[in-house]
Amino acid sequence: MGHPRPAPDAGTAARVAPVEIFFDVVFVLTITQLTRALEADLSWAGLGSTVLIFGLLWYLYTGYAWLTNHVPPRRSAAKLLLFAGMAGFLLTAVALPGALADTGLTFAVGYLIVVVVHLILFLHSDARAGVRRLAPYNLGAALLVLAAAAFSGPAVPALWTAAVLVQAVLPYLLPRHSWLGVAAAFHLTPAHFVERHGLLVIVALGESVVTIGMGVPTQQLTAGRAGAIVLALALPAVLRWIYVAATRPAEAVLAEAAPAARSRIAARTYVRPH
């Protein structure tokens, strides 16, 4: 794990490892928790909290997608560290309903673990130049969330907002200190990168199907309600159908692009739009 691996060839097909799929299952739990938290507080404040929490979690998930694309978890040490990252995400999921209130410290500790594991694994690659640019923003965001756990009232959402801005916006405002300036340091294997996001989408849509089935009151199962269930199943099915149709063109565009351009294209199409 201490020796940099050669950059994967753009045309080489790389399968997603089972440990990565397991990682996605853990991450989808945070999405489920976030959905339930929003359902419990359908207000502008609840929506704002949801956006802040999801902003932080999604940005770090995409960071792990880049990580495992660049440093495949083949060795035991890498797999164990990846499990530590999963544990961090699991802590954030458990603490998520009260992340801006009484369980803020648990969420912050879990998030800090996720950030630190991500940086440790990435530093054992040949993308150190890019990682050094990422580290201050990711660590800064994690420390702001940790600081928010010590406060109450308006200071909490203010610190969370600052964390999201530091992590996801500030790098684009400081181009000389952004990872975009050293984008060529990151090597993407298009087949793996596209498949990884596709698997996350199907796990998330599958979770929605499970939730639909578990939420049906069987004592009052009428014909109209059965029809609504079928329509509720049709929505994720159609979304998945549309998504799969776009994967091959996306993979082809990434494969044809130069390394630096490939990283930028991937950021534009897989970090923000997803």
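This is a predicted model: local features need pLDDT of at least 70, side-chain atom pairs count only at pLDDT 80 or more; totals for chains, interfaces and linings use all residues.
1. Sorted by class, the contact of H7 with H9 has 5 nonpolar residues, 1 polar and 1 charged.

2. How do the axes of these two helices cross? H7 spans residues 190–214 and H9 residues 259–271; their axes come within 12 Å and cross at roughly 10°. Angles under 35 degrees count as roughly parallel, and H7 and H9 are therefore roughly parallel to each other.

3. H7 is also worth a look for its charged side chains. Arg 196 forms a salt bridge with Glu 20, and the closest N and O atoms of the pair are 3.2 Å apart. Because Arg 196 belongs to helix H7 and Glu 20 to helix H1, this pair ties together parts that lie 176 residues apart in sequence. In total, the structure holds 2 salt bridges.

4. Now to H1 and its neighbour H2. Helix H1 covers residues 18–40 and helix H2 residues 44–70; they pack at an angle of about 175°, with axes 10 Å apart. Angles over 145 degrees count as roughly antiparallel, so that is how H1 and H2 run relative to each other.

5. Which residues of H1 and H2 meet? H1 brings Glu 20, Phe 23, Asp 24, Phe 27, Thr 30, Ile 31, Leu 34 and Leu 38 to the contact. Facing them in H2 are residues including Gly 46, Leu 47, Ile 53, Phe 54, Trp 58, Tyr 61 and Tyr 64. The contact of H1 with H2 has 12 nonpolar, 4 polar and 2 charged residues.

6. H1 and helix H3 (76–95) are the elements that give two or more residues to the patch. H1 gives the most, with 3 residues, while Leu 80 lies in helix H3.

7. Finally, please look at H5 and H6. The axes of helix H5 (residues 128–148) and helix H6 (residues 155–173) come within 8 Å and cross at roughly 175°, which makes H5 roughly antiparallel to H6. Among the contact residues are Tyr 137, Gly 140, Ala 141 and Leu 144 of H5, along with Leu 159, Trp 160, Ala 163 and Val 166 of H6. By class, this contact has 14 nonpolar and 3 polar residues, and no charged ones.

Technical notes: Residues are numbered from 1 along each chain as its sequence is written. Side-chain values use heavy atoms; hydrogens and water are left out. Axes are lines fitted to C-alpha atoms, for helices over the stretch in contact, and angles run from 0 to 180 degrees between N-to-C directions. Helices (H or I, at least four residues) and strands (E, at least two) are DSSP runs, numbered from the N terminus. Angles under 35 degrees count as roughly parallel, over 145 as roughly antiparallel, 65 to 115 as roughly perpendicular and the rest as oblique. Contact means heavy atoms within 4.5 Å. Ala, Val, Leu, Ile, Met, Phe, Trp, Tyr, Cys and Pro count as nonpolar, Asp, Glu, Lys and Arg as charged, and the others, Gly among them, as polar. A salt bridge is a side-chain nitrogen of Lys or Arg within 4 Å of a carboxyl oxygen of Asp or Glu.
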